Amino acid sequence: MRPIKIMTNDKLKLPKTGSRDVPRQSYKMPAALLVAVVFACFSHGTSQAYAQEQKPKVIYFLSGIRDHASPTVGGRHEVAKDLLVLQDCINKAYNIKGVKIITKFIDARSALDVEDIKDADALIVESSSATSSQKRTHPLFPPLPPGEKKYDQKTLDYLSQLDALHKAGMGIMILHWGIDVNNEQNPTARDYYLSWFGETAMEGYTQNPLGFWIVTPIESAKKHPILNGVHRWIYKDEIFSRLVGNPGNPYLTDLLIGESPETNQSEAGSPKGVIGPRGIASAYEKGNTRGILWGGMDFHSALLNDDYRRFVLNAIVWTAGIKVPAGGVKTTATQLQLAPINKTYDNTKKPDGYVEVKLPDGVTIPPTQVQVPPTH
């Protein structure tokens, strides 16, 4: 097992450097399967007078290892750097009132117990699929050996502890490829995902189109706190979408629809490469539990888009059980790009109104990798 590296907000040192409702696309699963089945963000940003009125909220950012996309070109699947930007944005949020926020970063988590995260109000996870490698790529779920479909008892006990923490109020948000836990091989992870998020990815149905997307908040969901201050945006991303779950789930709220004029994938009934309007983001809330699967976050430069970044920051705050400000989370963070702006797929068709991403004036990309200090 790789050692756990933990970085708290006190130790983090960044280098200088027309709205439409679209029916949710649900896959009708068999009954048996359903039963089985960096830009503006990090700081306490809190009035100290308010902060003392209630228990602090603790948000953990859990990064998997970077095992996908070119390590030499950079700018894609930057799981650690994405989370460091988001952590910095939350640490420097200045309009969240009445609560003190504590953030912690864990790199390449490999623990099979919950001692390192048991105080968390929210886990924000970005990683590759739980089955993308025999290495520990997913901070919550270890890989299964080839051909195996059941965890050993030690792992099952650990997952039961994790599930108990979630049911007691620890929110969980999974970003990008981490939403895929391979339902066919890993029914245990599939069942936990359905319980935590009300939906899961499914092989042969879920897609991950890569291109320039038009993303629009769903009109009927605009009162959801995650959409506070969020407007339609256009950006480049690979978005894992078309998730499966129980149709009509009353605890699930669809938030966003997305479409693209040209991607590297196709869907039935559409011209090649075209992705018609589809649901791409939902929020799950049942009792004390909150959960979000967000399939975007492939390109590090996506965080340069104000509305996209605000959506993600709002979602993080909401997942932790914190009141989202009326205008959305605002931050004084300026180091929003820790990796080169990746130009892959720039030749795909761009929607009308797309604005090329660029670094803000005075902001530079660090020449060296972000270093995670040793655990003390």
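How many bridges join strand E11 to strand E12, and do these strands run parallel or antiparallel? Seven bridges join strand E11 (residues 252–260) to strand E12 (residues 275–286), and the two run antiparallel. The model is predicted, so local features need pLDDT of at least 70 and side-chain atom pairs count only at pLDDT 80 or more, while totals for chains, interfaces and linings use all residues. Residues are numbered from 1 along each chain as its sequence is written, and side-chain values use heavy atoms, with hydrogens and water left out.

**Strands and their pairing**

- Helices (H or I, at least four residues) and strands (E, at least two) are DSSP runs, numbered from the N terminus; two strands pair if DSSP finds at least two bridges between them.
- Lys-286 stands opposite Thr-289 in E13, and Glu-285 has Arg-290 in E13 as its bridge partner.
- The hairpin of E12 and E13 has two residues between the strands, and Gly-287 takes a positive phi near 60° there.
- Strand E6 (residues 171–175) pairs with E13 in the parallel sense, over four bridges; the bridge partner of Ile-174 in E13 is Leu-293.
- Strand E3 (residues 57–63) pairs with E4 in the parallel sense, over seven bridges, and Leu-62 stands opposite Ile-106 in E4.

**Burial of strands**

- Buried means under 20% relative accessible area, exposed over 50%, and partly exposed in between (1.4 Å probe, protein chains only).
- Five of the six residues of E13 are buried, so this strand is largely enclosed by the rest of the structure.
- Strand E4 (residues 101–107) is mostly covered, with six of its seven residues buried.

**Aromatic pairs and a charge over a ring**

- Rings of Phe, Tyr and Trp (its six-membered ring) pair if their centres lie within 6.5 Å; planes under 30 degrees apart count as stacked, over 60 as edge-to-face and the rest as tilted.
- By this rule the count comes to 14 aromatic pairs.
- In the pair of Trp-196 and Phe-197, the ring centres are 6.1 Å apart and the planes stand at 90°, so the pair is edge-to-face.
- Trp-196 counts as buried because its relative accessibility is 0%, and Phe-197 is buried with a relative accessible area of 1%.
- Trp-294 and Tyr-308 form a tilted pair, with 6.3 Å centre to centre and 45° between the planes.
- Trp-294 lies in strand E13 (residues 289–294) and Tyr-308 in helix H6 (residues 306–319), so the pair ties together parts that are 14 residues apart in sequence.
- Both Trp-294 and Tyr-308 are buried.
- One aromatic cluster is formed by Phe-141, Tyr-192, Tyr-193, Trp-196 and Phe-197.
- A charge sits over a ring if NZ of Lys or CZ of Arg is within 6 Å of the ring centre and within 35 degrees of the ring normal; Arg-242 lies over the face of Tyr-205, at 4.2 Å from the ring centre.

**The second largest cavity**

- On a 1 Å grid over the protein atoms alone, a cavity is a set of points where a 1.4 Å probe fits but cannot get out, and lining residues have an atom within 4 Å of a point.
- Grid points are joined across faces, edges and corners, and a volume is the space filled by probe spheres set on the points.
- The second largest cavity holds about 90 Å³ of space.
- It is lined by 13 residues, of which Phe-212, Lys-236, Ser-301, Tyr-354 and Val-357 are the closest to its centre.
- The lining of this cavity has seven nonpolar, two polar and four charged residues, where Ala, Val, Leu, Ile, Met, Phe, Trp, Tyr, Cys and Pro count as nonpolar, Asp, Glu, Lys and Arg as charged, and the others, Gly among them, as polar.

- Most residues other than glycine have a negative phi.
- Met-297 is not a glycine, yet has a positive phi of about 80°; this residue is in the loop between E13 and H6 and counts as buried at 0% relative accessibility.
- Tyr-345, also not a glycine, has a positive phi of about 65°; Tyr-345 is in the segment after H6 and is partly exposed, with a relative accessible area of 31%.
- Ile-341 lies in the segment after H6 and is partly exposed, with a relative accessible area of 22%.
- Ile-341 and Val-357 are 16 residues apart in sequence and 8.4 Å apart in space, C-alpha to C-alpha.

Methods:
1 Å grid on protein atoms, 1.4 Å probe; cavity = no way out; pocket = protein on both sides within 12 Å on 5 of 7 lines; lining within 4 Å.
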